[in-house]
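Reader: Hi, could we go through this one together? I have a few quick questions.
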2 protein chains.
Amino acid sequence: MPTIQAYGAQSETSAIEPLSIDRRAPRPDDVAIRIDYCGICHTDIHFARNDWGRTVYPVVPGHEIVGTVTAVGGEVTGFKPGDRVGVGCLVDSCRECSACEEGLEQYCDAGFTATYNGEDRHDGSVTFGGYSEAIVVSERFVLRMPEKLDAAASAPLLCAGITTYSPLKHFGVGPGDRVAVVGMGGLGHMGVKFARALGAEVTLFTRSESKREEAFRQGAHKVVISTDDDQMDSVANTFDYILDTVPVAHDLNPYVNALKRDGTLILVGLLETVEPPLDAGAVVFRRKQVAGSLIGGLPETQEMLDFCAEHDIVCDIEMLDIGNINEAYERMLRSDVRYRFVIDMDTLRAGANA
Amino acid sequence: MPTIQAYGAQSETSAIEPLSIDRRAPRPDDVAIRIDYCGICHTDIHFARNDWGRTVYPVVPGHEIVGTVTAVGGEVTGFKPGDRVGVGCLVDSCRECSACEEGLEQYCDAGFTATYNGEDRHDGSVTFGGYSEAIVVSERFVLRMPEKLDAAASAPLLCAGITTYSPLKHFGVGPGDRVAVVGMGGLGHMGVKFARALGAEVTLFTRSESKREEAFRQGAHKVVISTDDDQMDSVANTFDYILDTVPVAHDLNPYVNALKRDGTLILVGLLETVEPPLDAGAVVFRRKQVAGSLIGGLPETQEMLDFCAEHDIVCDIEMLDIGNINEAYERMLRSDVRYRFVIDMDTLRAGANA
């Protein structure tokens, strides 16, 4: 496949702008995909701006990709041209370690290859993500997108969706469980939908009274304003699981306090140090647990997509012209999106052809 | 039962000294016990000195009690005079909540009644512990001590033993698991013994090279010096479970790092805030867990005692004349005991009769 049009950042101070990138010709196990939609994850902003100090420029963000197969390599058996497919946060892994053997490629002992800003395991090139006309991905890392689901609205399932679905399934959430979700952004609103669909009694913790009606609309049974001490006291020792989607430093102790004995606080957003510090006594005295979970493996991502088809679950999205990408980033930083921007990639092709 | 002799603290500045206390006459469900041996737990020092600000004086510490039944109430069916019995950290609980119904009285929703410095649920009196000639305890909270085990050396099983056995069982430690124990004091040396007896491959983390041979003697397969960065690096992503028995603030991150994917760090000693702060990213990126566990319930404590009889497990103890209790406290504060002091309560009776 030749040089194609994409959008990316050239440096940590530059805006996201048009650029040309090379996509490899399909290897025998590869699927070539025309990208139709790409969701925007907060991680994209971190990488565009080198917030974590490990961006390789130019960077083409985007790991919530839905597209259409245009060609397949000779060894590909599961896909054919015309299929609607998805690509998430991973495009490769060692495929040999115990994690990979268990289909938990996100925990690959050798480190998975990220969809962008990763290093290709064959030729060492830097991977480019989904703000792009096309992508070429090894079959194992390509998902079947249920035709029943809206293509654009299912794009964020590939990151926001699986990141919340995986821990709920792994830790065994089911009917009768009391589950709370902390925060209602891209991840949080999916956590509410999934927990509800899994049969749990669902509470949303939010700082904002304005999210109350919205939370009920997403499927929450109850809303607790986390800044209200009385409301927090009223739910002490209540939850079997709390899914904490907040990506910035915050006090975990009120949520530990809200867990039942043997309850689990599951971190999926926080990657920093836990400050203010965790109270170990609260963990010990009721045998509570603080756990983490990272996206999901390929088999579980497919399972999640099929679950979404069965339960009519997609993300709530706002469609975006790629020309407005920089404005979208600014709005995301103000939490001014309900709940995910998705780029209509035809707007890139139209621009490229203009 | 009349006024009897005990040892306790009268104020937070006084040493432990002789005093007289009242023991109730047996209620219908009570077992009256002559105390033969009582282990000394670090918690005893905290209460004697009011380190936690909630000591009610006079306080009679001691919750690792082995004795002989002298009388039973009319409703007691499981014990008769002459039986060797034990009493641990709990002497009562609400008996109605889900925790009590599950035999997890240590997690009683209403709070368990501690063996000392607790509040009796019937008459509101303050409970007195095991540094004493005798104790009267409701049958449900009395353990059968296997005659096969040395009576004195089995006393610390009632706290140090069950505190380490319970989480290893709860979290499912078994053959093939890689288990590490952090610290080798009263709790740690029991953790090593139990993990070994449960079939795990056992590593001891210790700061002290001097504990190496001792660890092997206790059953450890491997010793890692936790202050040696190279040794710590060599065990990254290695353990299914790490049982952390250290009761003072310490860095948990090196132990989180030493866990495998899906591994669990189990805190049984730390009751303070976690400082330096926990790195949430390390928990998320390998789906690790930080959990706590508190002593154990009555059924599990009995199970543990029977397990000890089957596997010939007791604590390593140093016998103590109660007249030397204050010196023993000072030695404990210097970690100068392998690994538990046990008071020979005949030395109290001899003193009382002198």
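Reader: Where does A:Arg95 sit?
Author: A:Arg95 is in the loop between β6 (90-92) and α2 (98-101) of chain A. Helices (H or I, at least four residues) and strands (E, at least two) here are DSSP runs, numbered from the N terminus. The model is predicted, so local features need pLDDT of at least 70, side-chain atom pairs count only at pLDDT 80 or more, and totals for chains, interfaces and linings use all residues. Residues are numbered from 1 along each chain as its sequence is written, chains are lettered from A and ligands numbered from 1 in the order in which they are written, and side-chain values use heavy atoms, with hydrogens and water left out.

Reader: Thanks! What is the phi of A:Arg95?
Author: A positive value of about 65°, although A:Arg95 is not a glycine. A:Arg95 is partly exposed, at 29% relative accessible area. For that scale, buried means under 20% relative accessible area, exposed over 50%, and partly exposed in between (1.4 Å probe, protein chains only).

Reader: And what about B:Arg95?
Author: B:Arg95 also has a positive phi of about 65°, and its relative accessibility of 30% makes it partly exposed.

Reader: Is B:Asp120 buried or exposed?
Author: B:Asp120 is buried, with a relative accessible area of 8%, while B:Arg24 is partly exposed at 26%.

Reader: Which residues make up the salt-bridge network in chain A?
Author: A:Arg24, A:Arg27, A:Asp30, A:Asp120 and A:Asp123 are linked in that network.

Reader: Let's move to the interface. How many residues of chain A are in contact with chain B?
Author: 36 residues of chain A are in contact with 36 of chain B, where contact means heavy atoms within 4.5 Å. The area buried between the two chains is about 3200 Å², with carbon and sulfur atoms giving 60%. Buried area is the accessible area (1.4 Å probe) that two parts lose on being put together, summed over both.

Reader: How many salt bridges cross between chain A and chain B?
Author: The rule finds two. B:Glu102 and A:Arg261 meet in a salt bridge with an N to O distance of 3.2 Å.

Reader: Which elements give two or more residues to the chain A side?
Author: They are α2, α4 (160-170), β14 (259-267), α9 (280-285) and β15 (289-292) of chain A. The largest share, five residues, comes from α9(A).

Reader: Last one: in what sense do β15(A) and strand β15 of chain B pair?
Author: They pair in the antiparallel sense over three bridges; two strands pair if DSSP finds at least two bridges between them. A:Ala291 stands opposite B:Gln289 in β15(B).

How values were computed. A salt bridge is a side-chain nitrogen of Lys or Arg within 4 Å of a carboxyl oxygen of Asp or Glu.
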